[in-house]
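Dear colleague,

Please find below the structure that I am handing over to you. My notes on it follow directly after it.

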Amino acid sequence: MMVWLILLPLLWASFAFLLGPGRGVWLAMAGLLAQLWLAYALAEEIVASGVAEHAVGGWGAPLGIDLVADGLSAAMLLLTQCVALPLAVYASAYFKRDDPAATYFWPLVGFLLAGLNALFLSADLFNSYVTLELLGLAAVGLVAAGGGAQQIASALRYLFATLVGSGAYLLGVALIYGTYGTVSTVTLTPLIGAGAPDLVWIAGGLMVVGLMLKTALFPFHFWLPPAHGGAPAPVSALLSAVVVKASFYLILRLWIGPFSSLTVAANLVVWLPALLGMLAVFWGSYQAIRAERLKMLVAYSTVAQLGYLFLIFPLLVSAGALQAVIMQVFAHGLAKAAMFAAAGTLIKATGQDTVAGLAGVAERLPVTLFAFGLAGVTLMGLPPSSGFLAKWQLIELALSQQYWVIAFVVLVGGLLAAVYVFRVLRQAFLLAPAGSVVMPVPRTLEWTAFVLAAASVLLGLRGVELMQLVGIT
Amino acid sequence: MTGELLFASVGVILFALGVAGVLLIGHLLRRVLAFNVMGSGAFLVLVGLAQRNGIADPVPQAMVLTGIVVAVAATALALALVRRLYVLTGKLELSQDDDE
Amino acid sequence: MNFNELLPLAVLASSLLPGLLIFTLPESWVGLRTALNLFGALIKLALVLLLILGVQAGESYGVHFAVLPGLDLAFKADALGLLFITLSAVLWLFTTLYAIGYLEGAPRRSRFFGFFSLCVTATMGIAMAANLFTFFVFYELLTLATFPLVVHRGTEASMRGGTTYLVYTLIGGAVLLTGIIWLHHLLGHTDFAHAGIAVALGSAYDGQLQIIFLLLLIGLGVKAAIVPLHGWLPQAMVAPAPVSALLHAVAVVKAGAFGIVRIVYEVYGIEFAQALGLLLPLAIFAAVTIVWGSFRALFQDDLKKRLAFSTVSQVSYIVLGVALFGPIGTIGGLVHLVHQGIMKITLFFCAGNYAETLGIHKVSEMNGVGRRMPLTSIAFTIGALGMMGAPLTAGAVSKAWLIDGASAAGMDWAIWVLWTSSLLNAAYFLPILWRTWFKSVPKAWPGEHVAARGWRETAWLLLLPPMMTAAMTLLAGMYSSNQMSPLSWAKLIAEREYLHEMIIRAP
C-alpha cells in the first residue's frame with residue numbers, strides 16, 4: 001500500500017510525459033483518485049493496528065530502504081492527496097488547450113507528488129534528502145512552467161534557495177553519519193543523548209536551518225512570494241498548501257525524533273524558531289496588508305501562516321502539541337489551496353492581478369468569492385473552521401505553560417489576517433464601476449475552490465478522528 | 001591530523017566556499033558552478049568522515065552516488081533555466097527588483 | 001438520536017437549510033425564494049412552540065457532538081434560551097415579510113436573504129449554546145454573516161460602516177476568546193449550569209476569575225454596545241432597514257446582552273459573582289451606558305442614528321437588571337430583553353417605511369407625516385411611548401420591575417439612572433411625535449415614490465409588520481400576568497436561578 005503511494009504518481013507522471021505536451025489529464029485523475037483511496041486506507045489501517053512498516057524489495061535497513069507510516073505520516077499523506085485531487089480538477093479547467101504553461105504540468109505534478117509521498121514515508125535521513133531534492137526540482141519546474149522571464153527568474157531564485165537548503169541538510173546528514181554510522185531515525189533516537197558532542201549540535205543546526213530555508217521561515221522567506229505569486233494558480237496552490245509543509249514536517253520529525261534530547265536540554269534552541277515564527281506572522285501579515293497584487297497578498301499570507309507552525313516548538317513538551325500543529329497544517333493547507341484557486345479564478349475573470357480591480361466581483365462571481373471568504377475565515381482562525389480549532393489548541397497550550405507571548409501572537413495574527421482578508425472582500429463587495437468587464441469562467445474553477453474552502457471549514461466541526469490519528473506513534 | 005579529518009575539513013571548506021558563491025555571485029553560470037562546489041564539499045565530508053580504521057564504509061559511497069545523480073539533475077535544470085532566461089532577457093544575472 | 005436531541009437541531013436547520021438553498025437560487029426566482037423564507041420561518045415557529053410546551057412540562061432538550069477530544073459542540077433549550085429563541089423566531093417572521101416588501105425589485109436579493117437566514121441561525125445557536133465554546137462559535141458566525149448585510153448596498157459609505165463594525169466586533173471576539181480559553185484551561189470545560197461553574201475552583205483563583213470576567217465582559221460588551229464599546233452601532237445604520245431592525249435592534253445587540261446574562265448566572269453564578277465583587281462595576285457600566293446613550297440620542301437628526309443611540313441605552317437596561325443582585329431585578333432585565341426587542345423593531349420598521357415611502361431620513365423632515373402615513377405613525381407612537389415607559393405598554397412593565405429590583409437591592413442610585421433615562425427618552429421622542437402629529441404637512445416630501453392608495457399608505461408588506469409588533473407591545477404591557485407573557489417566562493427563569501428565594505411581588 002505504501003509503495004503504491006509512491007509508485008502510482010511516478011507511473012502516471014511517466015505515462016503523461018510519454019503521451020506528450022499537455023496530455024494525461026485523465027490518467028492523472030484516475031491516479032489521484034486511487035492515491036486518495038490508498039492514503040485513506042492507510043490511515044484506517046494505522047488507526048486499527050498501529051504504525052505500519054514496509055521494507056522495499058524485501059531488503060530491510062541498514063542496506064535496504066524502509067518505509068514507515070505512523071499517524072503523523074498518514075495525516076500528511078491524507079492532506080496531500082486531499083488537496084491534490086481538487087487542484088488537479090481545477091488545473092484541468094484552468095489551462096487552456098495548448099497553453100504553454102501546461103506543457104509539462106501533469107508529469108511534473110506527478111513527480112512532485114511522488115516526492116512528497118516518499119518524503120512522508122521515509123524512515124532515514126538520507127532518503128529524506130533524496131525525496132526533498134526530487135520534490136524541490138519538480139516544484140522549480142512547475143514555477144518555471146509559465147515560461148516568462150519573470151517566472152524563470154523566480155524559479156531560479158527558488159532553485160538556488162532550495163539547493164542551498166538541501167545542501168546544508170546533506171552536510172548535516174554527513175556529519176551525523178560520520179559520528180554515529182547510521183542515518184536511520186529509529187536507530188539514531190536513542191543514540192543522541194543530552195551529552196552529544198558539539199559536532200552533532202552543528203549537524204542539527206545545519207539540517208534545521210537548511211529546512212527552515214526551504215520552509216520559507218522569516219527571514220528566509222525572500223524566495224517564496226515571487227515564486228508562489230508568479231506561478232500559474234494551480235501551481236501556487238499546490239506549493240503553498242503542501243510543498244512548504246514537507247520541509248516543516250521534516251523539522252518536526254527531527255525535533256520529536258533524533259534530536260528530542262537536544263531540544264529538551266536547551267531553551268534557546270526552542271525559542272529561536274518560535275521567535276522567527278512570531279516575526280514571520282507580523283512581517284508576512286504586514287506585507288500582505290500592503291500588497292497591491294492579489295496573488296502577492298495570498299503569497300505573503302503564506303509567509304505569515306507558516307510562522308504559526310514554528311510557534312509550536314516551545315510547546316512540544318505538552319501532550320496535544322503535535323495535534324495542534326497538524327490541525328494548523330491542515331487548516332492552512334486546505335484554506336490556502338482554496339484561496340489561491342479562488343484568486344486564480346478572480347484574476348482570470350477580471351483580467352488583472354490587482355486587489356483594486358476586484359470591485360463588483362461579489363455580484364458576478366459569488367461562488368468564487370464565497371470560497372475566498374471561507375478560506376479567509378479559516379486563515380483568520382474564526383469559528384467554525386479548522387483554523388479556529390488550531391488557534392484554540394495553540395492558545396490553550398500556551399496558557400497551560402504560561403507562555404503569554406505565544407497566545408498574544410496567535411490572537412493578533414488572527415486580527416492581522418482579518419485586515420488583509422477583509423481588504424479583499426470589501427473591495428469585492430463594492431458596486432462594479434461602469435464599463436468593467438467580468439469574463440465568464442468555467443464552473444469547474446469556481447466549485448473546486450469552493451470544495452477546498454468548505455473542507456477547511458467543515459474540518460472545524462469534526463476534528464476528533466484526525467487528532468486520534470495524529471496521536472498514533 | 002588523520003586522513004579522515006583532513007578529508008572532512010577540506011569538505012567543509014569547499015562547502016562553505018560553495019555556499020558563499022551561491023549567495024554572493026551575481027553571474028548565474030558561476031552560481032551554478034558554486035552550487036556544484038558546495039555539493040562536492042558535502043559529498044567529501046560524507047565519504048571522508050565515514051572511514052573506519054582506514055577501511056572505506058560502502059554505505060556512504062552509495063549515498064554519494066545517489067547524491068551525484070541528484071546534483072547532476074539539479075545542475076541540468078539550473079542550466080536549462082539560465083539558458084532560457086538568457087534567451088528571453090539577454091542577461092545572465094537576476095535583477096534585484098524583479099520580484100515585486 | 002431521539003426526539004429531544006433532534007428538536008434543537010431542527011430549530012437550527014429550519015433557517016440554515018433554507019438559507020443555503022437560497023444562496024443557490026437565481027436572482028429571478030422570486031416565488032421560490034419567498035416560499036422558502038416563509039416556510040422556514042413558519043416551521044421554526046412551530047418547532048419553537050413545541051419546545052416551549054415541552055420546557056413548560058419539564059422536558060429537557062439537548063444534544064452534543066465532540067469537535068476535539070474534550071471539546072464539545074453542545075446545545076440545550078432551557079427556559080432562558082427559549083426566551084431569546086422565541087423572540088428571534090417571531091421577529092424573524094415579521095422581518096422576513098417586511099424585507100420581502102422592502103427589497104421588492106432590488107438587486108442581489110438571493111445574497112441578502114441567504115445571509116439573513118444565516119444570521120438567524122447564528123442567533124438560534126447563541127440562544128441554545130450549552131457551553132461557552134458553542135456560544136463563541138455562533139457569536140462569531142453572527143459577526144461574519146452580518147457583514148455582507150451591513151455592506152449590502154455596496155457604496156463607499158456602507159463599506160466604512162462595515163469596516164467599523166468589523167474592527168469592533170473582531171477585536172472584541174479576540175478578547176472574548178482569550179477569556180473563554182482561559183476559563184476552559186482552568187476548569188477543563190465551559191458548560192453552562194445553574195448556579196455557575198466557576199465557584200468550583202476555590203478561592204485561590206479569585207483574582208484570575210476577576211480578570212477573566214473583565215475579558216468576557218469586554219468581548220460581549222462590544223456587541224451589547226456598552227459604552228465605550230458602542231461606536232460601531234450608529235455606524236452600522238448604513239445597512240438596509242430590515243437589517244437594522246432585526247440585527248441591530250434585536251439579534252446582534254441581544255447576543256451580547258444574552259451572553260452577559262449567561263456568564264453572570266450560569267458560568268459564575270449570581271451569588272459567586274456578587275461575592276467576587278463583579279456586579280457593582282457591571283451595574284456602573286450599564287448605568288453610564290444608559291444615560292450616555294440617551295443623552296447622545298438627543299442630538300441626532302438622522303432618525304436611524306437617533307434610534308441606534310436609543311438602542312445603546314436600552315440594551316443596558318438588561319445588563320443593569322442582571323447586575324441588580326436579586327430576583328426582581330433579574331426579572332426586570334430578562335423581560336426587557338423581549339420588550340425592548342419588540343418595541344425597537346417597531347420603531348425601525350416605521351423608520352424604514354418613512355424612508356422607503358417618502359424619502360424621509362431625518363427627524364427634521366418628519367413634519368406632518370402622521371397625516372400622510374397614519375398607521376405607520378400610530379405604530380411609531382406606540383413604540384416610542386413604550387421606550388419612555390408609558391403606562392399600558394411593555395416598557396412600563398420592564399421599568400416597574402427594574403425600579404423595584406433596584407430598591408430591593410438597596411441601590412437607590414440606579415432608580416435615579418432609570419428616571420433620568422426616561423426623561424431623556426421623552427426629550428428625544430416627544431419632539432418627533434409633536435412633529436409627526438401636530439406640524440403641518442409640507443408641500444412636497446423629500447422623495448415620495450409609492451403613491452397613496454386608499455387607506456394603504458404604503459405597500460402592505462411594509463405596513464403589516466410594524467402594526468403587529470406595535471400590537472404586541474400593547475399586549476405585553478396589558479396582559480403581563482398572562483401565563484404565556486414574557487413576564488411569566490422571566491419569572492420562571494428567575495425562580496430557577498434563585499432556587500431558595502420565593503418571588504413575591506404584587507404586580
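Contact, as used in this message, means heavy atoms within 4.5 Å. The model is a predicted one, in which local features need pLDDT of at least 70 and side-chain atom pairs count only at pLDDT 80 or more, while totals for chains, interfaces and linings use all residues. Residues are numbered from 1 along each chain as its sequence is written, chains are lettered from A and ligands numbered from 1 in the order in which they are written, and side-chain values use heavy atoms, with hydrogens and water left out.

Two individual residues come first. Met467(A) lies in helix α20 (residues 464-470) of chain A; helices are DSSP runs of H or I with at least four residues, numbered from the N terminus. Leaving aside neighbours within four places in sequence, Met467(A) touches Gln323(A), Met327(A) and Gln393(A), and also Leu68(C) and Pro69(C). Met467(A) counts as buried because its relative accessibility is 3%; the term means under 20% relative accessible area, with exposed being over 50% and partly exposed in between (1.4 Å probe, protein chains only).

Gln300(C) is found in the loop between α11 (279-297) and α12 (303-323) of chain C. With 13% relative accessibility, Gln300(C) is likewise classed as buried. Its side chain reaches the backbone oxygen of Arg296(C) at 3.3 Å. Beyond the neighbours within four places in sequence, Gln300(C) is in contact with Lys305(C), Arg306(C), Phe309(C) and Val363(C).

Two helix pairs may also interest you. In chain A, the axes of α2 (residues 25-49) and α4 (residues 105-121) come within 11 Å and cross at roughly 15°. Axes here are lines fitted to C-alpha atoms, for helices over the stretch in contact, and angles run from 0 to 180 degrees between N-to-C directions. α2(A) and α4(A) are therefore roughly parallel, since angles under 35 degrees count as such and those over 145 as roughly antiparallel, with 65 to 115 roughly perpendicular and the rest oblique.

In chain C, the axes of α7 (residues 206-223) and α9 (residues 241-268) come within 7 Å and cross at roughly 160°, so α7(C) and α9(C) are roughly antiparallel. Among the residues that meet there are Leu209(C) and Phe213(C) of α7(C) and Val252(C) and Gly256(C) of α9(C).

Yours sincerely

Conventions
Polar contact = N/O pair within 3.5 Å; in protein donor to acceptor, adjacent residues only side chain to side chain.
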